[in-house]
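Have the model open as you read, and follow along element by element.

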Amino acid sequence: MIRWGILGCGNIARKFASDLALVENAKFVAIGSRSKEKAQLFAKEFPVPHVHDSYEALAANPEVDVIYIATPHSHHHEHTLLCLDHNKAVLCEKAFAVNYREAIEMITKAKEKHLFIMEALWTKFLPHYEKMKSIVDNGQLGEISSVLINFGFQPRTPVPARLFDPELAGGTILDIGVYNVFMAMSVLGRPDEIDAHMKPAGTGVDEQCAVLFRYKNGAMAQLFSSFISHLPTEADINGSKGRLRLTSRFYAPESALELYPERLDSKTIVPFDKPLKGWGYYYEAKHVSDCLEQGLKESPVMTHENTLTMMQVLDEIRQKAGIRYEADL
Ligand SMILES: NC(=O)c1ccc[n+]([C@@H]2O[C@H](COP(=O)([O-])OP(=O)(O)OC[C@H]3O[C@@H](n4cnc5c(N)ncnc54)[C@H](OP(=O)(O)O)[C@@H]3O)[C@@H](O)[C@H]2O)c1
């Protein structure tokens with residue numbers, strides 16, 4: 001059994017804890033919060049033997065093998081280093097860090113200490129994503145000429161502070177745009193040229209961001225993220241032999257794969273095998289537990305290189321669009 005701790009008692013920590021209970025070789029053993037009350041409340045919902053009222057105490061707990069970092073992106077660097085300093089493996093939420101500089105420090109430290117670290121890009125472990133990759137990679141769509149992705153919603157009130165707070169690295173690009181970038185790069189690879197524009201919210205972070213990737217072979221990806229309008233949140237992968245549409249939400253397990261081999265009106269739904277487990281976080285948690293059982297220090301699926309390349313691309317997007325955080329200074 002791989003013994004898991006969770007750092008931070010927010011929204012995603014709850015979904016992850018619920019899915020962790022389904023993982024055959026994982027045991028949830030410790031929760032850590034900045035607040036005793038929050039930690040105790042969490043432990044009521046998800047019973048757990050160790051309840052810590054500080055992240056330091058969680059990181060220092062010798063009964064824990066791996067810690068899931070579920071804090072805002074602004075704090076991933078600090079909290080990951082804390083866990084690594086206490087010799088804990090780390091699964092860190094997306095966006096992995098605010099920028100490449102932070103990400104390379106996190107990965108370098110994990111390597112120096114011979115510890116496992118992975119970005120929690122759950123989409124990469126979902127059945128529909130794996131099926132999409134096999135369709136693209138086996139040439140069923142022919143040569144891919146474009147990828148068109150949008151991701152947008154109006155946050156429910158009360159609006160979570162972290163979405164617009166520059167101190168928490170708020171804005172669409174690191175919060176949801178990261179999925180657009182990930183999906184486009186899964187199909188077309190690292191772009192040769194990037195252009196990006198944004199509209200700032202009152203707080204200065206981007207409330208809308210438009211990104212264009214260009215490739216030497218002529219392919220393009222057009223990516224749009226928004227916190228001010230509801231968008232279909234779909235992805236279209238367009239090739240010489242057909243189009244594959246990942247329906248809403250394209251990055252999540254409920255997405256269906258619609259294949260349009262020739263004309264727009266001749267769609268077929270592509271079936272895929274694995275049943276959905278929990279909220280969809282089961283798959284990444286199972287993968288990390290398996291990696292740790294095998295003594296791996298890096299995931300063969302979501303590699304360090306994958307994360308670092310994505311951070312470089314996100315840095316360039318932000319630089320082109322004029323999105324800066326304190327961590328960039
Ligand atoms: N994979 C996914 O599907 C998915 C979905 C949503 C979010 N995320 C990612 O998960 C991370 C957390 O998002 P969330 O929606 O769970 O956020 P959230 O509900 O606001 O929770 C974040 C938690 O981080 C802790 N925290 C530590 N320092 C903080 C600070 N200065 N300000 C606010 N909170 C602080 C708090 O826990 P304590 O008070 O208990 O210490 C808080 O409850 C983000 O990086 C986000 O991008 C991923």
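In this predicted model, strands β9 (residues 206–214) and β10 (residues 220–226) run antiparallel and are joined by seven bridges. Within that pairing, F213 sits opposite A221 of β10. Helix α9 (residues 304–321) packs on the sheet, where it touches β8 and β9, and its direction makes about 55 degrees with that of β8.

**The eight-stranded sheet**
- The sheet is open, with mixed pairing and the strand order β8-β9-β10-β7-β11-β12-β13-β14.
- Its edges are β8 (193–200) and β14 (268–269), each of which pairs on one side only.
- Helix α6 (residues 127–137) lies across β7, β11, β12 and β13, at about 170 degrees to β12.

**Where two helices meet**
- Helix α7 (residues 172–188) and α6 have axes that come within 10 Å and cross at roughly 30 degrees.
- From α6, the contact uses Y129, M132, K133 and V136, while α7 brings F182, M183, S186 and V187.
- Sorted by class, this contact has six nonpolar residues, one polar and one charged.

**Around strand β4**
- Strand β4 (residues 66–69) is covered on both faces: V66 and Y68 are buried on one side, I67 and I69 on the other.
- In a regular strand, side chains alternate between the two faces of the sheet.
- β1 (residues 2–7) runs parallel to β4 through four bridges, and L7 has I69 as its bridge partner.
- β5 (residues 89–93) also pairs with β4 in the parallel sense, over four bridges; here Y68 partners L91.
- Together with helix α4 (residues 76–85), β4 and β5 form a right-handed β-α-β unit.

Notes: Residues numbered from 1 in each chain as written. Predicted model: local features only at pLDDT ≥ 70, side-chain atom pairs only at ≥ 80, totals over all residues. Heavy atoms only, no water. Pairing = 2+ DSSP bridges. Contact = heavy atoms within 4.5 Å. Axes fitted to C-alpha atoms, helices over the stretch in contact; angles between N-to-C directions. Nonpolar A, V, L, I, M, F, W, Y, C, P; charged D, E, K, R; others polar. Buried < 20%, exposed > 50% of the residue type's maximum accessible area, 1.4 Å probe, protein only. Right-handed = clockwise from strand over helix to strand, strands pointing away.
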